[in-house]
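Subject: Structure handover and findings

Hello,

Here is the structure we spoke about. Please look it over, then read my notes below.

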Amino acid sequence: MNHSEFAAFLKSRRDRIRPADVGLPTGPRRRVPGLRREEVAQLAGLSADYYTELERGRGAQPSAQVLTALARALRLNGDERDHLFHLADRPVPPVTHGPAAQVQPALLGLLDRLATTPAQVITDLHQTLVQNELAAALVGRPPAVRGPAASFVHRWFTDPDARALYPPEDHPHHSRVFVADLQAVAARRGGDTEVRRMVAALRRHSEEFATLWDTHDVALRRTDHKRIVHPALGVIELDCHSLFSEDGRQRLLWFSAPPGTEGAAQLELLSVIGTQDMTADAHGT
């Protein structure tokens with residue numbers, strides 16, 4: 001690994017980002033042209049000491065997961081991301097097919113401004129692309145898998161553990177909503193191979209899915225009232241909102257509760273305990 005070149009590239013990318021670009025306040029006492037090291041570390045989900053060692057050229061070789069997080073935090077384009085992997089002597093990960101390969105900048109910018117609200121960006125097939133710490137604390141982190149299993153909709157109908165996110169009595173509602181949403185996505189994509197394969201696999205593996213698919217109900221999931229089962233806080237009642245990208249391939253989801261409700265109090269407590277009480281990987285939304 002070329003530590004000095006890797007460090008210099010990190011610093012050059014950090015220097016070009018303004019705090020306002022990532023939803024951070026711009027104060028009069030800033031002494032650096034771009035972000036501070038600890039700000040990049042926070043955006044990437046790393047410790048400040050670890051990131052500092054990387055930028056000083058003395059850190060250990062970062063993993064692919066760390067490189068991906070740094071590329072996202074530093075707003076690297078495709079060529080820059082590949083360059084970062086080359087400098088770290090890591091294989092460049094394949095580019096995901098279609099416009100969902102990278103989080104769209106507009107949604108990522110909004111996500112950065114929702115630091116006090118559980119929020120995440122997903123694809124139209126419900127694959128989690130990026131989430132803030134509160135979203136991870138609320139619904140868990142996505143499993144490190146690729147292919148159809150990366151979709152929460154796929155896991156919902158094939159993996160019973162995925163359903164632990166919601167109370168059993170709410171499962172029929174979510175099943176109907178997931179299938180109606182997928183119908184709309186399939187129609188919009190116009191015979192996309194990825195969607196056709198997913199639908200075919202789900203029809204084979206889930207009688208429930210096949211029955212619901214044959215109803216031909218169609219409705220994009222724009223808003224929903226959800227009861228989420230949290231391992232430490234119990235059932236949390238929240239409203240889930242969706243903001244769609246212009247092409248419809250990505251969605252920013254965020255969770256809220258009316259002031260003064262039990263859900264609002266639970267969200268405040270969640271911001272305190274964070275992910276320390278989470279015992280399993282992500283279930284999704």
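The crossing of α4 and α5 is right-handed (right-handed if the near helix is turned clockwise from the far one by less than a right angle, left-handed if anticlockwise). Helices here are DSSP runs of H or I with at least four residues, strands are runs of E with at least two, and both are numbered from the N terminus. Helix α4 covers residues 64-73 and helix α5 residues 78-87; their axes come within 10 Å and cross at roughly 145°. Axes are lines fitted to C-alpha atoms, for helices over the stretch in contact, and angles run from 0 to 180 degrees between N-to-C directions. From α4, Ala64, Leu67, Thr68, Leu70 and Ala71 meet Arg81, Leu84 and Phe85 of α5 (contact means heavy atoms within 4.5 Å). By class, this contact has 6 nonpolar, 1 polar and 1 charged residues. Ala, Val, Leu, Ile, Met, Phe, Trp, Tyr, Cys and Pro count as nonpolar, Asp, Glu, Lys and Arg as charged, and the others, Gly among them, as polar.

Before the rest, the ground rules. This is a predicted model, with residues numbered from 1 along each chain as its sequence is written. Local features need pLDDT of at least 70 and side-chain atom pairs count only at pLDDT 80 or more, while totals for chains, interfaces and linings use all residues; side-chain values use heavy atoms, with hydrogens and water left out.

Overall picture

The chain has 12 helices and 5 strands. Of its 285 residues, 47% count as buried (buried is under 20% relative accessible area, exposed over 50%, partly exposed in between, with a 1.4 Å probe and protein chains only). Take the contacts between residues at least 6 apart in sequence: 60% of them join residues at least 24 apart.

Helix α3 and its partners

Helix α3 (residues 48-55) packs against α2 (residues 37-44) at an angle of about 115°, with the axes 8 Å apart. That makes α2 roughly perpendicular to α3 (65 to 115 degrees; under 35 is roughly parallel, over 145 roughly antiparallel, the rest oblique). The α2 crossing over α3 is right-handed. Arg37, Glu38, Val40 and Ala41 of α2 make the contact with Ala48, Tyr51, Thr52 and Glu55 of α3. Those residues divide into 4 nonpolar, 1 polar and 3 charged.

Helix α1 (residues 3-16) also meets α3: the axes come within 7 Å and cross at roughly 115°. So α1 is roughly perpendicular to α3. On the α1 side are Phe6, Ala7, Leu10, Lys11 and Arg14; on the α3 side are Tyr51, Leu54 and Glu55. This contact has 5 nonpolar, no polar and 3 charged residues.

The cores

In soluble globular proteins, nonpolar side chains tend to be buried together. The largest nonpolar core here has 37 residues, and Leu138, Phe157, Leu182, Phe209, Ile228, Leu238 and Leu270 touch the most other members. A nonpolar core is a set of buried Ala, Val, Leu, Ile, Met, Phe, Trp, Tyr and Cys residues joined through side-chain atoms within 4.5 Å. Elements giving two or more residues to this core include α7 (133-139), α8 (152-158), α10 (193-205), β4 (234-244) and α12 (262-273). The largest share, 5 residues, comes from α9. Leaving aside neighbours within four places in sequence, Phe209 is in contact with Phe157, Val179, Leu182, Val199, Leu202 and Arg203. A second, separate core of 23 residues includes Leu54, Ala69, Ala73 and Leu76.

Single residues to check

Most residues other than glycine have a negative phi. His126 has a positive phi of about 65°, and so does His216. Buried or exposed? His126, in the loop between β1 (119-123) and β2 (128-131), is buried at 5% relative accessibility. His216, in the loop between α11 and β3 (223-230), is exposed at 54%.

Ser151 sits in the loop between α7 and α8. Ser151 is buried, with a relative accessible area of 0%. Not counting residues up to four places away in sequence, Ser151 touches Leu125, His126, Gln127 and Met198. The C-alpha atoms of Ser151 and Leu125 are separated by 6.0 Å, at 26 residues apart along the chain.

Best wishes
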